[in-house]
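Visitor: I am new to this structure. Please show me how to read its features.

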Amino acid sequence: MMIYLNDQIETFDLQAALGQLSPQRLQQVEAFKPLLSKKLCAAAYLLLRQGLQEEYGISEAVEFEYGEHGKPSLIGHPDIHFNLSHCREAAICVLSDQPVGVDIESIGRQSERLMRYVLSDEEYEQVKRSSSPDVEFTCFWTKKESMLKLTGEGINTDLKLLLPAPYRFTTVVNEERGYVYTLCTAEGFSVLK
């Protein structure tokens with residue numbers, strides 16, 4: 001498994017990136033209104049292209065097909081698993097030969113309502129007791145989201161009921177840049193960086 005991360009979005013050259021996007025991804029980028037959203041969408045795709053070139057020797061612009069709940073896969077490359085995510089601060093791509101999920105989120109103050117919606121009572125108490133509740137909540141959120149992205153379910157279930165088994169999580173906190181990301185793999189599959 002390989003992780004590709006760009007947390008220098010402020011210097012990302014969108015105009016230079018546009019020529020490297022597939023027609024499908026260009027359409028997705030153009031659908032966004034805010035410039036930051038356009039940059040993040042393009043940056044995540046370019047990380048995927050970088051990984052495909054370095055790991056698999058694939059240099060052409062790839063297109064996606066989507067599963068029942070919207071999980072993307074690469075047309076013509078069913079054996080390559082990937083996942084993309086982005087937040088205000090960064091874009092991330094993970095490539096693997098096994099199903100994988102990744103979620104990256106900005107660290108920020110969360111509403112009581114959102115915490116009650118997402119967290120079990122035990123998780124909620126853990127966040128409240130934490131010396132860094134914003135970071136603790138973001139860790140829980142990225143775990144749950146990465147697991148749903150691995151399974152392809154998306155957020156269509158009660159998030160409070162999600163249990164980590166049989167999944168393995170690797171969480172990275174970057175307080176200096178203001179984000180947390182979590183990788184999720186099936187139990188027994190090792191995470192390599």
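Guide: Start with the elements. Helices (H or I, at least four residues) and strands (E, at least two) are DSSP runs, numbered from the N terminus. N83, for instance, is found in strand β4, residues 81-86. This is a predicted model: local features need pLDDT of at least 70, side-chain atom pairs count only at pLDDT 80 or more, and totals for chains, interfaces and linings use all residues. Residues are numbered from 1 along each chain as its sequence is written, and side-chain values use heavy atoms, with hydrogens and water left out.

Visitor: Is N83 buried or exposed?

Guide: Buried means under 20% relative accessible area, exposed over 50%, and partly exposed in between (1.4 Å probe, protein chains only). N83 has 3% relative accessibility, so N83 counts as buried.

Visitor: Which residues does N83 touch?

Guide: Contact means heavy atoms within 4.5 Å. Leaving out residues up to four places away in sequence, N83 touches I92, C93, V94, V100, G101, V102 and K149.

Visitor: What lies 2.8 Å from the backbone nitrogen of V102?

Guide: A polar atom of the N83 side chain. A polar contact is a pair of N or O atoms within 3.5 Å; within protein, one must be able to donate a hydrogen and the other to accept it, and residues adjacent in sequence count only if both atoms are side-chain atoms.

Visitor: How do I read the span of helix α3?

Guide: The expected span is 1.5 Å times one less than the number of residues. Helix α3 (residues 35-56) has 22 residues. From first C-alpha to last it reaches 31 Å, close to the expected 32 Å. G57 follows α3, with a positive phi near 70°.

Visitor: How do α2 and α3 run relative to each other?

Guide: Axes are lines fitted to C-alpha atoms, for helices over the stretch in contact, and angles run from 0 to 180 degrees between N-to-C directions. Under 35 degrees counts as roughly parallel, over 145 as roughly antiparallel, 65 to 115 as roughly perpendicular and the rest as oblique. The axes of α2 (residues 23-31) and α3 come within 8 Å and cross at roughly 160°. The two helices are therefore roughly antiparallel. In α2, R25, Q28, V29 and E30 meet K38, C41, A42, A44 and Y45 of α3.

Visitor: Where does K160 lie?

Guide: In the loop between α6 (133-151) and β7. At 33% relative accessibility, K160 counts as partly exposed. Among the residues K160 touches are R116, Y117 and K144.
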